[in-house]
Amino acid sequence: MISSGKIIAVGERTDMEKFWVALISIDGKIIWEKEFKNKKKSTIADIDIDSLDNLFVLLESEKIIPIQSMKYPYQKRRLIFFKKSEENGIYLMKISSTGYRKWTKRIFRKKNYDSYGSDIKLNHNKIFISYSYEGFRRLNNSLVKDESKIVTVLDHSGKTIEKIKTTNNKLLFSKNRFISASRESNNKNELVIEKDFRTFKTLKIPDEIKHYWLNEGMKTHKGYYFFGASDYNLGYLILGLDKNYNLLDYWKSEIPNGEDATSIIIQSDGSIIIVGKKTDKNIKLPYGNATYIDIIKLKNG
């Protein structure tokens, strides 16, 4: 929801050639709707909005070669259709509150590397983007695996200020100090919290939670909620923390059944609404198991 009380909605076309942005009134009327295209097929990793209601869209893009001629050893030359090229990357697009593209910046692109967008967070003068990459680089006439988690810091014009290597690439809050956390359990099942990308607290996750995957964080007047999935992405998970980031309590799905955590909303009365996607293995369809939107309301936190 933007400052005027209207709603920004975004989505992707199934062919990934374009993505769409719509401005919707609170009663559901479409004010405007526009499509945007990056140079390559793109999916949306995350979005955020600044104080002027400009939309920032973090994109994962890959280049698809529609048709090419290739010759393999001891074979005739063949035509290959829709082959993924050796180039993909992370891009940031800025779109005005009236639906016009202002600029697109390339954040990462490297031949023979795969990259994965994670989060984008804004404060009054900086943009923080987290992503990871993996690939191979040549060292002493051999190939060695090269992978890392990166936070790129930009100003609001899209100019890169710095790039930070980090073990935590789940961006949470960006006011006086930037708070980030480990996206998933380490081998000790810990939650590592950083201030300005330096560890300041490590929490042991209860043994009942076999493994967590963190999706987002929410502030309340009492402290914080961290939301994600538990037990190797089989069920929903909420971690309740106080203002000093101490773990107070947790809630997880009673019967984990393939839930995919999407979003969490805290209402004015303290109740919590969870939105996710659920797979029902008992319902078989021609293209796989049935999936549907899952909504759960928890009273009074």
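The model is a predicted one, so please read every value below as computed from it.

Let us begin with the aromatic rings. The structure holds 13 aromatic pairs. One of them joins F128 and F178: the ring centres are 4.1 Å apart and the planes meet at 35 degrees, so this pair is tilted.

A second pair is made by Y224 and Y245. Here the centres lie 4.3 Å apart and the planes are at 15 degrees, so the pair counts as stacked; the angle falls under the limit of 30 degrees used for stacking. This pair, too, links distant parts of the chain: Y224 is in strand β17 (residues 223-230), while Y245 is in the loop between β18 (235-242) and β19 (247-252), 21 residues apart. Y224 has a relative accessibility of 14% and therefore counts as buried, and Y245 is buried with a relative accessible area of 5%. The two tyrosines are also joined by a polar contact of 3.1 Å between their side chains.

Apart from neighbours within four places in sequence, Y224 is in contact with F173, M218, K219, L239, G240, L241, D242, K243 and Y245. Its C-alpha atom is 9.2 Å from that of N244, a residue 20 positions away in sequence.

Several of these names return in the largest nonpolar core. This core has 17 residues, and those with the most contacts inside it are L191, I193, F226, L239, L241 and Y245. Two or more residues come from each of β12 (170-174), β13, β14 (190-195), β16 (212-219), β17 and β18. The largest share, three residues, is provided by β18. For a closer look at one member, follow L241: setting aside residues up to four places away in sequence, it touches I193, L203, K222, G223, Y224, F226, N246, L247 and L248.

A second, separate core has 16 residues, including I107, F108, Y113 and Y133. Aromatic rings meet here as well, as F108, Y113, Y131 and Y133 form one aromatic cluster. S148 is buried, with a relative accessible area of 13%. Beyond its neighbours within four places in sequence, S148 is in contact with Y131, S132, Y133 and K165.

The charged end of K195 sits over the ring of F200, 4.7 Å from the ring centre. K34 lies over the face of W32, at 5.9 Å from the centre of that ring.

Our last stop is another lysine, K18, in the loop between β1 (7-12) and β2 (19-24). With a relative accessibility of 30%, K18 counts as partly exposed. Leaving out neighbours within four places in sequence, the contacts of K18 are E12, R13, E35, F36 and K37. The C-alpha atoms of K18 and S42 are separated by 7.1 Å, although the two residues are 24 positions apart along the chain.

How values were computed: Residues are numbered from 1 along each chain as its sequence is written. This is a predicted model: local features need pLDDT of at least 70, side-chain atom pairs count only at pLDDT 80 or more; totals for chains, interfaces and linings use all residues. Side-chain values use heavy atoms; hydrogens and water are left out. Rings of Phe, Tyr and Trp (its six-membered ring) pair if their centres lie within 6.5 Å; planes under 30 degrees apart count as stacked, over 60 as edge-to-face and the rest as tilted. Helices (H or I, at least four residues) and strands (E, at least two) are DSSP runs, numbered from the N terminus. Buried means under 20% relative accessible area, exposed over 50%, partly exposed in between (1.4 Å probe, protein chains only). A charge sits over a ring if NZ of Lys or CZ of Arg is within 6 Å of the ring centre and within 35 degrees of the ring normal. Contact means heavy atoms within 4.5 Å. A nonpolar core is a set of buried Ala, Val, Leu, Ile, Met, Phe, Trp, Tyr and Cys residues joined through side-chain atoms within 4.5 Å. A polar contact is a pair of N or O atoms within 3.5 Å; within protein, one must be able to donate a hydrogen and the other to accept it, and residues adjacent in sequence count only if both atoms are side-chain atoms.
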